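Please look over the sequence and the model shown here before reading on.

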Amino acid sequence: MWSTPSSSPSAALSPAEAKIVRKDAVFIREFEREDREEVRRIFYEGIMERIPNSAFRGFQQQPKTQFLYAMLTVMCFVVTKSVTLTCCTPFILMGARYYYSSKVIHNYLDHALHTDMADIEAYYMKPAGSCFWVAVLDGHIVGIVAAQGREEDNTVELRRMSVDSQYRGKGIAKALGRRVLEFAVRNNYAAVILGTTAVKLAAHKLYESLGFRQTSQSENHRLPGMSRSPLERLFFQIRYSRYRLQIREE
Ligand SMILES: CC(C)(COP(=O)(O)OP(=O)(O)OC[C@H]1O[C@@H](n2cnc3c(N)ncnc32)[C@H](O)[C@@H]1OP(=O)(O)O)[C@@H](O)C(=O)NCCC(=O)NCCS
């Protein structure tokens with residue numbers, strides 16, 4: 001169970017307090033209309049990192065796919081008897097992984113940028129149980145996060161967490177995450193939930209360090225923009241992890 005931390009200085013500042021904050025300190029404030037382009041940039045860049053991560057880094061975590069590609073390479077030799085073609089096969093397979101990863105991630109981005117990320121005010125700022133925050137450093141937006149309330153099970157979903165790559169490792173995501181947890185407590189939600197397909201350890205460690213526990217993992221999750229065609233299944237795999245942080249018992 002989560003309780004409000006007593007010392008999360010930058011995360012707990014109101015916009016008025018933020019004005020007197022040190023110039024190099026990060027503060028978190030609610031989204032404003034003028035933030036739109038910077039917010040969309042940070043979101044876009046964060047998601048684009050998934051292309052090489054899903055294609056190459058994710059491959060290192062998938063022994064079944066590695067075995068399958070090794071079999072395809074052997075089959076190539078058996079069928080063609082060509083050493084040159086067989087040597088090229090791993091590169092062709094990795095190229096196909098990059099192509100499918102890029103295709104799916106672009107479709108996913110297109111979907112997000114035409115739904116909630118197209119009108120953040122309407123989607124997150126107007127409904128009472130939802131909100132969107134930005135982290136500001138030296139007058140620049142350096143991180144984003146959203147909270148979307150779900151009445152059906154009295155939970156709030158943490159979404160769209162991303163920090164500008166130049167400002168990572170400074171505790172900005174943690175401050176954004178804490179802001180979501182404080183929001184959940186203030187609004188009497190029972191738990192904060194989230195789902196992630198992040199390949200890199202950073203996102204998983206971040207959620208664990210905030211007190212989230214992993215509740216499930218699935219290899220069959222369908223992202224918006226995925227077709228699940230046989231070729232896409234062969235060259236694009238994701239692992240969808242769900243996390244939950246219980247705030248109070250229902
Ligand atoms: C994941 C991400 C939001 C982390 O942002 P950040 O501001 O660098 O994170 P913080 O500095 O606040 O670090 C918070 C915690 O995350 C973990 N963490 C952060 N970077 C890490 C890294 N490179 N390796 C391992 N753990 C890391 C640590 O546990 C850290 O807590 P600690 O410093 O107390 O140990 C950032 O890397 C990002 O925007 N990535 C691209 C978009 C993305 O993947 N978003 C999450 C999708 S759900």
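Which element gives the most to the shell around the ligand? That element is α8, which contributes six residues to the shell. Please keep in mind throughout that this is a predicted model.

**Around the ligand**

- The ligand is surrounded by 20 residues, and the closest are G46, R168, A173, A202 and L206.
- At least two residues of the shell around the ligand come from each of β4 (155-163), α7 (172-186) and α8 (201-209).
- Sorted by class, the shell around the ligand is made up of nine nonpolar, six polar and five charged residues.

**The helix α7**

- With its 15 residues, α7 reaches 21 Å from its first C-alpha to its last, which is close to the 21 Å expected at 1.5 Å a residue.
- Because eleven of the 15 residues of α7 are buried, this helix is largely enclosed by the rest of the structure.
- Among the buried residues of α7 are I172, A173, L176 and F183, and the buried set also includes the arginines R178 and R179.
- After α7 comes N188, which has a positive phi, near 60 degrees.

**An annotated span**

- An unreviewed UniProt entry places the feature "transmembrane region" at residues 67-93.
- In the model, the span of residues 67-93 is 93% helix and 0% strand, while its end C-alpha atoms lie 13 Å apart.

Conventions. Residues numbered from 1 in each chain as written. Predicted model: local features only at pLDDT ≥ 70, side-chain atom pairs only at ≥ 80, totals over all residues. Near = placed C-beta within 6 Å. Helix = DSSP H or I, 4+ residues; strand = E, 2+ residues; numbered from the N terminus. Nonpolar A, V, L, I, M, F, W, Y, C, P; charged D, E, K, R; others polar. Expected span 1.5 Å × (residues − 1). Buried ≥ 20, exposed ≤ 12 C-beta atoms within 10 Å, placed from the backbone. UniProt positions renumbered as here; feature names shortened; annotations may be inferred.
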